[in-house]
Amino acid sequence: MPETIHLPMGPQHPFLKEPAKFDFDIQGEEIVGARMQMGYNHRGIEKLCEDRNYYQCLFILERICGICSHSHTTAFVQATEKLLGLEVPKRGLYLRTLVCELERLHSHLLWLGVAAHEVGFDTLFMLVWRDREIVMEILEEISGNRVNYAINTIGGVRRDLTEEQRKKILAMLEPLLARTEYYAGIGTNEPSFVGRIRGVGRMSKERAIEKCAVGPFGRASGVDMDIRRDDPYGAYPDLEFKVITSDECDIYGRVLVRVFEIVESCKLVRQILENLPEGEIAVKKVMRRVPAGAAISRYEAPRGEDVHWVRGNGTEKPERVKVRAPTMANLEAATESVVGALVADIPIAIASIDPCFSCTDRTTVALNDRRRGRRLTTWAELRQHGIDWYRKNKGISF
Amino acid sequence: MNALKVALYILVYPGFLFQSGFSTFLEWLDRKVYARMQNRRGPMYTGWAGILQPIADIVKLLSKEDIVPAAADQRAFAFMPILSLAAVFTAGLYLPVWHLRSFNSFEGDLIVVLYLLTIPSFALFLAGWFSVSPYSLLGATRVLTQLFAYEVPFFMAVLTPAVLAGSWQISKIAIFPWTVAGHWWVIPIELIAFVVAILALQAKLERVPFDIPEAETEVVGGPLTEYSGKKLAIFRLQKDILMYVGAALVACVFLGGFGALPQGGDQASIGVLGLVFGGYLGGVAGLLLGVVGLLLKTTLVVFLLSTLRAACARIRIDQIVRFSWRYLAPWSVAQFLIVLLLKAKGAV
């Protein structure tokens, strides 16, 4: 029985794109235990939203994630529209869905590149990211922005698409579809790449359901669940698409699901552009005050189901916004799937859920107050402590 | 006079200066080729098309702060980079890049070079071991595991041309295809061994797909995680020179070294100048062309290594062990048998 070594990975480690801490117990190269710890990236966005009106919240929520920014705003506006009882015009819904699918496209392409990089396949990484630029350019054409599109507004979208733009984007899709199909071929056939991902990071269907795995991670374990089909929103009721699932239950399955979703998304984008209805893009008059009540909105983000829960109290500001990002649902399962694998598999196994730690991060801080001998410090005490500290140490008086 | 000559050999050509210069050129080439295959531009700004970038990198590292972990074995930690650099430099001196009989050439220098080329791996292992960090330890054990995977196939592959030429001297193996008229066809015969040697060399250099010991996303920098500043610069230079020496060795034993055109006659009487482009050019021009020929062949080998690096994902440590014992070793044995059979038939 070899000695068990504790191998910490993170919060700073080359395989992590964002800070998170993983602790592994290893025997030789084999992993016998895995734990994770979050909380390095908490920004208090939910709290910030309570201080702002619904329109300002949109811009805050857009910044939850740098990749699925549109997902969070869409989930939020859908909940708000439910509270307001708004009927969004068809064209607005289509445009919103168009950006959704483009976002899924660029997110999955980004993931494929990252996954390739995690196993040292930098050529695929560079080439995929080069062609991801096409999607970014399309998004820029539509919204004027590359990352935070700011296209959603309560009751519709903010920018319309002209006929020339529509034609231009359709033309840009052609090479994109051809290239993504080529990368799909590489990602599922290249022997050294497939050798690294097949049979690694296993997560059985039963365990995936128990752990509430969502999105491509769940679908790769055979969990046939897609909010776009199961609880349709936006323009999805009118659109035809396949939900990709796989029974591989390993990283290979996750690559399969994602690369075919890329191809499927390309087709969806074309379908949307070809069937774009005429009409308004947004509801003309929207009340600033949102009636009291609570609404929940589900959304199939590129990484899985994104849930926003919004409670209004009749004022301009939401009383509470709760975000459940898809990584939250998948992270535990991913950490568990690493046990039994080798150290070499850690990066790709963790990356296989397409983690986004900053979306997920929540903190609960229990301060140990030595002076009062209590576990918890009240907000008023903490505030007073801050004022005292600054007065004493910095000479600043409030 | 003789002492001066030897000093020149060691310090200038084919020693320190030449090896450092040419190996950084090879690193630049490798980076450029790799970048072009990824639709990037590679180094651009230092010198023509960034050709001085590797030197700039090393100079920059030399000027950086040198940190030694408190828990590390201070002396061993500092000694390992020097040991590995010295080993590859010495190995480089035995390569016949200049003279048919390089100034210290002797019967059996092939074994010495192979031995010297193994030292960097051990130095790297010890460097990781003495660093006392979990990543370094993991990387160090991986270095050693990988060594057991590629070393035997590499030796077997290099053995083939030696048996073919009936000599353990690199220069004799190098000129063997050119000594007898129409003898150049021994080069294609060794194709399997050449492929094995290229793959094993890639593993020796720890580059994708065999960069397992220093897999960035897994073990940060592997054995070199704790190294910084001057010591890291020396390791970097050592890696470049190892690439040059390894590639030049492969070029010498498999691709006919500095010879280029098939031509007959006894090697001893031909000598260096006649050997190269022999009756066609002769003189200093022939010598220079011979040197250029060898360097071009070395560059070709590096080009192959770069292509391999661009085309693959990193494999796992268990996969490389399985790969080399299931494929590389049997291939080299098969090649060895083919050569023995040819020799027995008297064809060679």
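So, burial in chain B: of its 348 residues, 49% count as buried, where buried takes 20 or more other C-beta atoms within 10 Å of a residue's own, with C-beta atoms placed from the backbone. Keep in mind that this is a predicted model, where local features need pLDDT of at least 70, side-chain atom pairs count only at pLDDT 80 or more, and totals for chains, interfaces and linings use all residues. Residues are numbered from 1 along each chain as its sequence is written, while chains are lettered from A and ligands numbered from 1 in the order in which they are written.

Okay, secondary structure. Chain B has 14 helices and zero strands; helices are DSSP runs of H or I, at least four residues, strands are runs of E, at least two, and numbering starts at the N terminus.

Now, where chain B meets chain A. Chain B puts in 23 residues and chain A 27, a contact being two C-beta atoms, placed from the backbone, within 7 Å. On the chain B side, helix 6 (134-165), helix 10 (216-219), helix 13 (283-311) and helix 14 (317-345) each give two or more residues. Helix 10 of chain B has the largest share, three residues.

Last, a helix pair in chain A. The axes of helix 4 (residues 90-118) and helix 5 (residues 122-143) of chain A come within 8 Å and cross at roughly 165°; axes are lines fitted to C-alpha atoms over the stretch in contact, with angles from 0 to 180 degrees between N-to-C directions. That makes helix 4 of chain A roughly antiparallel to helix 5 of chain A, the word for angles over 145 degrees.

Conventions:
Buried ≥ 20, exposed ≤ 12 C-beta atoms within 10 Å, placed from the backbone. Parallel < 35°, antiparallel > 145°, perpendicular 65-115°, else oblique.
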